[in-house]
Amino acid sequence: NNKIFTPIIFCYGKNEVEMVSGWAGKEFIVKPQIHGELGDRMSVSLREIFSKDFLKAVIIGTDVPDINSNLINTAAAKLDEQDIVIGPSSDGGYYLLGMKRLLPEIFKDIEWSTSRVLQKTLDKIRSLNLKVELLDELIDIDTEQDLNNWMNRGIDLSNPVYKFVLNYHK
(Lines give C-alpha, C1' and ligand atoms only; values in the text may rest on other atoms or scores of the structure.)
Protein backbone atom coordinates (compact mmCIF):
# COMPACT_ATOMS: atom_id res chain seq x y z
CA ASN A 1 0.00 0.00 0.00
CA ASN A 2 1.66 3.23 -1.14
CA LYS A 3 -0.97 5.61 0.21
CA ILE A 4 0.47 8.43 2.27
CA PHE A 5 -2.68 9.11 4.23
CA THR A 6 -5.56 6.81 5.20
CA PRO A 7 -8.58 8.62 6.65
CA ILE A 8 -10.52 6.55 9.18
CA ILE A 9 -13.74 7.69 10.83
CA PHE A 10 -14.61 6.05 14.14
CA CYS A 11 -18.36 6.30 14.83
CA TYR A 12 -20.44 5.60 17.88
CA GLY A 13 -22.72 2.65 17.21
CA LYS A 14 -23.69 0.50 14.24
CA ASN A 15 -26.44 2.84 13.00
CA GLU A 16 -24.01 5.74 12.85
CA VAL A 17 -21.44 3.62 10.98
CA GLU A 18 -24.04 2.83 8.32
CA MET A 19 -25.18 6.47 8.08
CA VAL A 20 -21.64 7.89 7.88
CA SER A 21 -20.56 5.25 5.38
CA GLY A 22 -23.34 6.51 3.13
CA TRP A 23 -21.98 10.06 2.89
CA ALA A 24 -18.26 9.55 3.55
CA GLY A 25 -17.50 7.81 0.29
CA LYS A 26 -14.96 5.14 -0.54
CA GLU A 27 -11.96 7.33 0.40
CA PHE A 28 -12.80 6.81 4.08
CA ILE A 29 -12.68 3.72 6.22
CA VAL A 30 -15.62 3.86 8.66
CA LYS A 31 -15.39 1.78 11.83
CA PRO A 32 -17.38 1.45 15.05
CA GLN A 33 -16.03 3.08 18.17
CA ILE A 34 -16.11 1.36 21.54
CA HIS A 35 -18.48 2.56 24.24
CA GLY A 36 -16.93 4.30 27.21
CA GLU A 37 -15.31 7.58 28.15
CA LEU A 38 -13.45 9.69 25.60
CA GLY A 39 -9.97 8.62 26.73
CA ASP A 40 -10.83 4.94 26.38
CA ARG A 41 -12.36 5.52 22.94
CA MET A 42 -9.27 7.39 21.72
CA SER A 43 -6.86 4.84 23.20
CA VAL A 44 -8.66 1.85 21.66
CA SER A 45 -8.97 3.58 18.28
CA LEU A 46 -5.25 4.41 18.29
CA ARG A 47 -4.40 0.86 19.33
CA GLU A 48 -6.28 -0.40 16.29
CA ILE A 49 -4.52 2.08 14.00
CA PHE A 50 -1.04 1.17 15.23
CA SER A 51 -1.86 -2.55 15.02
CA LYS A 52 -2.10 -2.02 11.24
CA ASP A 53 1.57 -0.89 11.10
CA PHE A 54 0.86 2.78 10.53
CA LEU A 55 3.90 4.91 11.42
CA LYS A 56 1.93 7.92 12.66
CA ALA A 57 -1.61 8.69 13.74
CA VAL A 58 -3.35 12.04 13.92
CA ILE A 59 -6.80 12.04 15.51
CA ILE A 60 -9.12 15.02 15.43
CA GLY A 61 -12.36 16.09 17.05
CA THR A 62 -15.39 16.89 14.97
CA ASP A 63 -16.48 20.08 16.75
CA VAL A 64 -13.70 22.42 15.53
CA PRO A 65 -14.76 24.00 12.24
CA ASP A 66 -11.39 25.63 11.50
CA ILE A 67 -9.55 22.32 11.25
CA ASN A 68 -8.33 21.64 7.73
CA SER A 69 -6.05 19.34 5.75
CA ASN A 70 -3.09 21.74 6.02
CA LEU A 71 -3.28 21.57 9.81
CA ILE A 72 -3.46 17.77 9.76
CA ASN A 73 -0.52 17.57 7.34
CA THR A 74 1.47 19.98 9.52
CA ALA A 75 0.80 17.81 12.57
CA ALA A 76 1.92 14.68 10.72
CA ALA A 77 5.11 16.42 9.53
CA LYS A 78 5.93 17.65 13.05
CA LEU A 79 5.86 14.04 14.22
CA ASP A 80 9.15 13.56 12.35
CA GLU A 81 10.77 15.59 15.16
CA GLN A 82 8.30 15.27 18.07
CA ASP A 83 6.83 12.34 19.98
CA ILE A 84 3.42 14.01 20.26
CA VAL A 85 1.68 16.94 18.58
CA ILE A 86 -1.37 18.58 20.17
CA GLY A 87 -3.81 21.14 18.82
CA PRO A 88 -5.20 22.96 21.87
CA SER A 89 -8.82 24.09 21.86
CA SER A 90 -10.22 27.23 23.41
CA ASP A 91 -12.07 25.31 26.12
CA GLY A 92 -8.95 23.83 27.75
CA GLY A 93 -9.02 20.56 25.84
CA TYR A 94 -7.56 19.64 22.48
CA TYR A 95 -8.91 19.16 18.97
CA LEU A 96 -5.97 17.18 17.56
CA LEU A 97 -3.58 14.61 18.91
CA GLY A 98 -0.76 13.11 16.88
CA MET A 99 1.68 10.39 17.92
CA LYS A 100 4.09 7.80 16.52
CA ARG A 101 3.21 5.00 18.92
CA LEU A 102 0.39 4.20 21.28
CA LEU A 103 0.83 5.89 24.65
CA PRO A 104 -2.26 4.71 26.58
CA GLU A 105 -1.01 6.25 29.84
CA ILE A 106 -1.70 9.78 28.59
CA PHE A 107 -5.43 8.97 28.53
CA LYS A 108 -5.59 7.69 32.12
CA ASP A 109 -7.03 9.69 35.04
CA ILE A 110 -8.19 12.64 32.93
CA GLU A 111 -11.42 14.43 33.75
CA TRP A 112 -12.75 14.66 30.20
CA SER A 113 -14.84 17.63 29.06
CA THR A 114 -13.23 19.95 31.61
CA SER A 115 -10.96 22.97 31.21
CA ARG A 116 -8.03 20.96 32.63
CA VAL A 117 -7.79 18.25 29.93
CA LEU A 118 -4.92 19.85 28.01
CA GLN A 119 -2.90 20.73 31.11
CA LYS A 120 -3.29 17.26 32.65
CA THR A 121 -2.34 15.66 29.33
CA LEU A 122 0.76 17.87 29.01
CA ASP A 123 1.74 17.01 32.59
CA LYS A 124 1.55 13.29 31.74
CA ILE A 125 3.54 13.75 28.53
CA ARG A 126 6.28 15.68 30.35
CA SER A 127 6.41 13.07 33.15
CA LEU A 128 7.20 10.50 30.43
CA ASN A 129 10.02 12.74 29.09
CA LEU A 130 8.40 12.92 25.67
CA LYS A 131 8.84 15.76 23.19
CA VAL A 132 5.58 17.60 22.47
CA GLU A 133 4.70 20.50 20.20
CA LEU A 134 1.53 22.56 20.32
CA LEU A 135 -0.27 23.82 17.23
CA ASP A 136 -2.36 26.99 17.12
CA GLU A 137 -5.34 27.13 19.45
CA LEU A 138 -8.72 26.78 17.73
CA ILE A 139 -12.28 27.32 18.91
CA ASP A 140 -14.15 24.22 20.03
CA ILE A 141 -17.90 24.52 19.50
CA ASP A 142 -20.01 22.91 22.21
CA THR A 143 -22.75 25.51 22.70
CA GLU A 144 -24.73 28.04 20.70
CA GLN A 145 -22.65 30.78 22.35
CA ASP A 146 -19.46 29.07 21.12
CA LEU A 147 -20.92 29.02 17.60
CA ASN A 148 -21.87 32.71 17.80
CA ASN A 149 -18.38 33.60 19.05
CA TRP A 150 -16.81 31.67 16.19
CA MET A 151 -19.13 33.21 13.59
CA ASN A 152 -18.42 36.75 14.83
CA ARG A 153 -14.65 36.64 14.89
CA GLY A 154 -13.58 37.63 11.37
CA ILE A 155 -13.17 34.18 9.88
CA ASP A 156 -12.40 32.95 6.39
CA LEU A 157 -15.67 33.40 4.52
CA SER A 158 -14.86 30.39 2.31
CA ASN A 159 -14.95 28.04 5.33
CA PRO A 160 -17.63 25.45 4.46
CA VAL A 161 -18.99 25.36 8.02
CA TYR A 162 -19.39 29.15 8.00
CA LYS A 163 -21.24 28.95 4.67
CA PHE A 164 -23.48 26.16 5.99
CA VAL A 165 -24.40 28.06 9.16
CA LEU A 166 -25.13 31.24 7.20
CA ASN A 167 -27.43 29.34 4.83
CA TYR A 168 -29.07 27.45 7.69
CA HIS A 169 -29.99 30.67 9.52
CA LYS A 170 -31.55 32.37 6.47
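K56 is partly exposed, because its relative accessibility is 30%. Select it to begin, bearing in mind that this is a predicted model. Its salt-bridge partner is D80, with the closest N and O atoms 2.7 Å apart. The pair links distant parts of the chain: K56 sits in the loop between α2 and β3 (57-60), D80 in the loop between α3 (69-78) and β4, 24 residues apart.

Next, select residues 84-88, strand β4. Five of its five residues are buried, so the strand is largely enclosed by the rest of the structure. I84, I86 and P88 point one way, V85 and G87 the other. In a regular strand the side chains alternate between the two faces of the sheet.

Now show β6 (residues 132-134), which runs parallel to β4 and is joined to it by three bridges. In β6, I86 has L134 as its bridge partner.

K78 belongs to helix α3, 55 residues from E133. E133 is partly exposed at 24% relative accessible area, and K78 is partly exposed at 24%.

Finish at E48 and K31, a salt bridge with its closest N and O atoms 2.9 Å apart. E48 lies in helix α2 (residues 38-51) and K31 in strand β2 (residues 29-33), 17 residues apart. The salt bridges number three.

Definitions and conventions:
Residues are numbered from 1 along each chain as its sequence is written. This is a predicted model: local features need pLDDT of at least 70, side-chain atom pairs count only at pLDDT 80 or more; totals for chains, interfaces and linings use all residues. Side-chain values use heavy atoms; hydrogens and water are left out. Buried means under 20% relative accessible area, exposed over 50%, partly exposed in between (1.4 Å probe, protein chains only). Helices (H or I, at least four residues) and strands (E, at least two) are DSSP runs, numbered from the N terminus. Two strands pair if DSSP finds at least two bridges between them. A salt bridge is a side-chain nitrogen of Lys or Arg within 4 Å of a carboxyl oxygen of Asp or Glu.
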